[in-house]
Amino acid sequence: MNIHEHAPGFELPDTQGTTWSRDGDGAPATVIVFTCNHCPYALAWHERIADAARNYAGRGVRFLAINANDADRYPRDSPEAMKRRVTSEGWPMPYLHDATQEVARAYDAKTTPDLFVLDAAGTLRYRGAPDSDYDDPAQRASWLRDALDAVLAGEEPARAETKPVGCSIKWKR
Amino acid sequence: MHHPASLPPLAPANVNRMRTPELELLWWEGCPSTQKALAELREALTDLGLEQSPVAMRELRTDADVRDAAFTGSPTILIDGVDFAAAPAGDATAGEPEPLGLTCRVYRRRDGRISPTPDPADLREALVAAAQRA
């Protein structure tokens, strides 16, 4: 999927059984985060992404985390394990399970994490990493925040695409 | 040159008595941390005056490779054939054992941060212990 393309629609359940879709009921932006439970990059960046979700909630931005990893081969990514994390860590965003991996394939997600910022119309405006260094919490997901600030201001993100960094998505065999 | 506070540089006399440990870095292509881990290993070796030590690189590709190596994730560094970051057998504080698999390994730095590579201080400490073993 390329910048300025319309993002694929989907319907996926979260850890509570609620179904979520790409369309955001009037949200000015939606952030889709492909992530997982066992990747050190996803874990290292998680709190920064969660902080951004909390900080932008007041401006109506939706964050949807999606786990597409093959849970048969990687039991730490099972729906039960996802639910435990959401509960114990107090996630500020729903954690969706892409059991068929169709959504991850439709988005051409590569790694965990891999972020996609959509505008109100569902058009892709940013794709890539949260910031430049998983090892530096002071980065505060700045690439993601810059993209969101631009979208919310009705402007083009100055940095529309960065290389996603993390563990490869664990595709079913 | 930076040395972790808990591990002062070795005195030259100690360096002379050091043996060269056997080093192997196990890696999987789905994890991007291999080069960083190798660089940090070489930096630690250089710190210890062991920069001539060879590091064997072994790629794991299949579930059979995983089972044979008891591989819990990339990168894994073996020092004298032992995973230096594995919890000692019988360590009641170690928690749930890491599952085997072609995956990226989760390390914890000494400051508690999650990292895809070992804490350099832990690595250096393990290398010192191995190099000083009789």
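Student: Where does A:Asp108 sit in chain A?
Tutor: A:Asp108 is in the loop between helix H3 (102-107) and E6 of chain A. Keep in mind that this is a predicted model.

Student: What's the phi of A:Asp108 like?
Tutor: Positive, about 60°, although A:Asp108 is not a glycine. For background, most residues other than glycine have a negative phi.

Student: And is A:Asp108 buried or exposed?
Tutor: A:Asp108 counts as exposed, because it has 12 C-beta neighbours inside 10 Å and the cut-off for exposed is 12 or fewer.

Student: Now peptide bonds. Cis or trans from A:Thr112 to A:Pro113?
Tutor: That one is cis, with omega near 0°. A:Pro113 falls in the loop between strand E6 (111-112) and E7 of chain A.

Student: What about B:Ser74 to B:Pro75, cis or trans?
Tutor: The bond from B:Ser74 to B:Pro75 is cis, with omega near -5°. You'll find B:Pro75 in the loop between helix H3 (63-69) and strand E3 (76-79) of chain B. As a general point, most peptide bonds are trans.

Student: Let's do sheets. What's the strand order in the five-strand open sheet of chain A?
Tutor: The order is E5-E4-E3-E7-E8, and the pairing is mixed. Strand E5 (95-97) and strand E8 (124-128) of chain A are the edges, each pairing on one side only. From one strand to the next, the twist averages 20°.

Student: How many bridges join E3 and E7 of chain A?
Tutor: Six, between strand E3 (residues 29-34) and strand E7 (residues 114-119) of chain A, and the two run antiparallel. To pick out one pair, A:Val33 has A:Leu115 in E7(A) as its bridge partner.

Student: And which way do E7(A) and E8(A) pair, and over how many bridges?
Tutor: Antiparallel, over four bridges. Across that pairing, A:Val117 stands opposite A:Tyr126 in E8(A).

Student: What's between E7(A) and E8(A)?
Tutor: Four residues; the two strands form a hairpin, and A:Gly122 in the turn has a positive phi of about 85°.

Student: How many residues of E8(A) are buried?
Tutor: Five of the five, so E8(A) is largely enclosed by the rest of the structure.

Student: What share of chain B is buried?
Tutor: Buried residues are 31% of the 134 residues in chain B. On contacts, if you take those in chain B with a separation of 6 or more, 80% are between residues 24 or more positions apart.

Student: At what angle do H2 and H4 of chain B cross?
Tutor: Roughly 50°, with the axes of helix H2 (residues 34-47) and helix H4 (residues 120-131) of chain B coming within 10 Å. H2(B) and H4(B) are therefore oblique to each other, and their crossing is right-handed.

Student: Which residues meet where H2(B) and H4(B) touch?
Tutor: From H2(B) you get B:Glu40, B:Leu41, B:Ala44, B:Leu45 and B:Asp47; from H4(B), B:Pro120, B:Leu123, B:Arg124 and B:Leu127. Sorted by class, that contact has six nonpolar, no polar and three charged residues.

Student: Last topic: how many residues does each chain put into the contact between A and B?
Tutor: 14 residues from chain A and 14 residues from chain B. On the chain A side, helix H1 (40-57) and strand E9 (167-168) are the elements that give two or more residues. H1(A) gives the most there, with four residues.

Student: What classes are the chain A residues that touch chain B?
Tutor: They divide into nine nonpolar, two polar and three charged.

Technical notes. Residues numbered from 1 in each chain as written. Chains lettered and ligands numbered in written order. Predicted model: local features only at pLDDT ≥ 70, side-chain atom pairs only at ≥ 80, totals over all residues. Contact = placed C-beta atoms within 7 Å. Nonpolar A, V, L, I, M, F, W, Y, C, P; charged D, E, K, R; others polar. Pairing = 2+ DSSP bridges. Axes fitted to C-alpha atoms, helices over the stretch in contact; angles between N-to-C directions. Parallel < 35°, antiparallel > 145°, perpendicular 65-115°, else oblique. Left-handed = near helix turned anticlockwise from the far one by under 90°. Buried ≥ 20, exposed ≤ 12 C-beta atoms within 10 Å, placed from the backbone.
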